[in-house]
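Hello,

Here is the structure for your files. My notes on it follow below.

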Amino acid sequence: MAGAGHIRTLLVAAVLAVGISACATRSDSPAPAPVDDAVYRALGGQTGIEGIVDDLLDVVVEDERINFQFALANIVRLRGMLILQFCSVSGGPCRYDGLSMEEAHAGRGITTAQFNALVENLILVMERRGVPVATQNRLLRRLAPMHGDVVGP
Ligand code: HEM
């Protein structure tokens with residue numbers, strides 16, 4: 001499982017490096033593009049995301065590679081903020097209004113190994129909940145750019 005998580009982490013980095021080209025827009029169509037909530041729906045909407053976050057927190061508190069980082073955390077707030085953030089990044093009808101990723105993680109000494117452990121746990125819970133791999137990857141691709149703000153001294 002650790003191997004699979006590692007390979008997926010590398011895949012996310014590779015996809016990011018390639019980048020995503022923007023859609024062409026027609027100058028004679030002024031209506032804004034509709035929000036693409038396909039990932040939100042594929043995650044099971046609000047109920048699905050709440051389940052993923054609950055399972056993720058359960059796995060994290062048992063994971064000795066990273067649980068010490070959460071020893072003083074306000075888990076109720078963290079749960080609410082993670083639900084909002086996953087909803088928002090997956091195109092759901094939420095607006096994340098918590099701390100920036102830089103503010104939330106500054107000074108915690110989070111390493112790339114710890115970041116990867118969290119990603120591995122997220123893959124594990126999505127896998128257990130039957131989230132299709134393509135949907136897993138689409139969510140991970142949107143979280144991966146946060147690496148630079150989460151990892152640091
Ligand atoms: C993509 C990866 C990650 C995401 C999306 C993420 C997201 C978040 C969010 C939304 C918050 C709440 C901010 C707020 O309270 O306003 C938070 C806080 C926090 N995160 Fe992360 N995080 C990530 C990675 C990590 C990692 C790898 C660790 C440590 C191993 C970590 C440890 C913490 C801690 C300790 C807090 C503060 C909790 C508290 O004091 O209440 N995070 N994170």
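Asp36 is partly exposed, with a relative accessibility of 44% (buried means under 20% relative accessible area, exposed over 50%, partly exposed in between, with a 1.4 Å probe and protein chains only). Its salt-bridge partner is Arg138, with the closest N and O atoms 3.8 Å apart (a salt bridge is a side-chain nitrogen of Lys or Arg within 4 Å of a carboxyl oxygen of Asp or Glu). Arg138 lies in helix α7 and Asp36 in the loop between α1 and α2, so this pair ties together parts that are 102 residues apart in sequence. Arg138 is also partly exposed, at 31%.

This is a predicted model, in which local features need pLDDT of at least 70, side-chain atom pairs count only at pLDDT 80 or more, and totals for chains, interfaces and linings use all residues. Residues are numbered from 1 along each chain as its sequence is written, and side-chain values use heavy atoms, with hydrogens and water left out.

The whole structure has six salt bridges. In one of them, Arg79 meets Asp54 at 2.5 Å, N to O. Another joins Asp63 and Arg65 at 2.9 Å; Asp63 is buried at 10%, whereas Arg65 is partly exposed at 41%. Asp63 and Arg65 form a salt-bridge network with Glu120.

As for the ligand, its iron atom has a single protein donor, NE2 of His105, 2.0 Å away (donors are N, O and S atoms within 2.8 Å of the metal, or 3.2 Å for Na, K and Ca; water is not among the atoms, so sites may look incomplete).

Regards

Note on methods
Helix = DSSP H or I, 4+ residues; strand = E, 2+ residues; numbered from the N terminus.
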